[in-house]
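The sequence and the model are shown first.

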Amino acid sequence: MAKGKVSKSDWTMAALRALARGGVAAVAVDVLARELGVTRGSFYWHFENREALLVAALETWERHGTTEIIAAVREEADPLARARTLFAEALGDEKIAGLEPALAAHTGHPAVAEVVARVTRARLAFLEEVYAGVGFGPRDARHRALAAYAAYLGWLELRRTAPDSAPEAQLQDPGSAAALDHLVDMTLAPGGTDT
């Protein structure tokens, strides 16, 4: 990037890549400035301090990885198609590989904990909405939402830590589509806990 042409968005995306690589400690202004090809002064044009950058990066992740996805998936009128679209979107191409597991591992930091908790609540609430839309009662929809979200987090972790043992979790694997369809079918299978 050319000096002086780095936007606030460039800084936040660089911070998210750093978070994925090494957690909160990796969000170092000097390192990010070198990565972006600018001076440290460019940082202060956009942010008051490192914590402000971290918060902006986390809010960017929340917006792109949750708010915008929920809004797009909600437009799907058919409840079953909505469920399938949500899983395909959530487990599709990661914009920044390893970011979600890295954030989960750094919830000891207050800013990370706050945004991860907010994202988790929003995602679980939307999953409940999706399962209720398919016809499951409130308790069953909640349980399926929890199971589906746990599967999502596990899928991402398998993708990152066990590519040889669980190749189906990798997008480029020939069996990935069938494995994802199976996961969705399992969460939509009849039978539940509501009476």
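## Helix packing and aromatic contacts

The crossing of α4 and α5 is right-handed. The model is a predicted one. Helix α4 covers residues 50-74 and helix α5 residues 79-90, and their axes come within 9 Å of each other at a crossing angle of roughly 150°. Angles over 145 degrees count as roughly antiparallel, and α4 and α5 are therefore roughly antiparallel to each other. On the α4 side the contact involves I69, V73 and R74, which meet R82, T85, L86 and E89 of α5. By residue class, this contact of α4 with α5 has three nonpolar, one polar and three charged members.

The crossing of α7 and α8 is right-handed. From α7 the contact takes in T120, R123, L124, L127, E128, Y131 and A132, and from α8 it takes in A141, R142, R144, A145, L146, A148, Y149 and Y152. In the contact of α7 with α8, 10 residues are nonpolar, one is polar and four are charged.

The geometry of the two pairs is set out below.

| Helix pair | Axes come within | Crossing angle |
|---|---|---|
| α4 (50-74) and α5 (79-90) | 9 Å | roughly 150° |

Read from the N terminus, the order of elements is α-α-α-α-α-α-α-α-α. Taken along the principal axes, the C-alpha atoms fill a box of roughly 60 × 35 × 30 Å. The protein has 195 residues, of which 39% count as buried. Among contacts with a separation of 6 or more, 69% are between residues 24 or more positions apart.

The aromatic side chains come next. A pair of aromatic rings is described by the distance of the centres and the angle of the planes. The count of aromatic pairs comes to five. One of them joins F43 and Y44 in an edge-to-face arrangement, with 4.9 Å from centre to centre and 85° between the planes. F43 has a relative accessible area of 0% and is therefore buried. Y44, with a relative accessible area of 44%, is partly exposed.

F43 and Y44 also belong to one aromatic cluster together with W11 and F47. Where is F47 placed? F47 is in the loop between α3, residues 40-46, and α4. Its relative accessibility is 4%, so F47 counts as buried. W11 and F47 are 36 residues apart along the chain, and their C-alpha atoms are separated by 9.3 Å. Which residues is F47 in contact with, leaving aside its neighbours within four places in sequence? They are K8, W11, T12, A52, L53 and A56.

W11, F43, Y44 and F47 make up one aromatic cluster, in which F43 is buried and Y44 is partly exposed.

Notes
Residues numbered from 1 in each chain as written. Predicted model: local features only at pLDDT ≥ 70, side-chain atom pairs only at ≥ 80, totals over all residues. Heavy atoms only, no water. Left-handed = near helix turned anticlockwise from the far one by under 90°. Helix = DSSP H or I, 4+ residues; strand = E, 2+ residues; numbered from the N terminus. Contact = heavy atoms within 4.5 Å. Nonpolar A, V, L, I, M, F, W, Y, C, P; charged D, E, K, R; others polar. Axes fitted to C-alpha atoms, helices over the stretch in contact; angles between N-to-C directions. Parallel < 35°, antiparallel > 145°, perpendicular 65-115°, else oblique. Phe/Tyr/Trp six-rings, centres within 6.5 Å; stacked < 30°, edge-to-face > 60°. Buried < 20%, exposed > 50% of the residue type's maximum accessible area, 1.4 Å probe, protein only.
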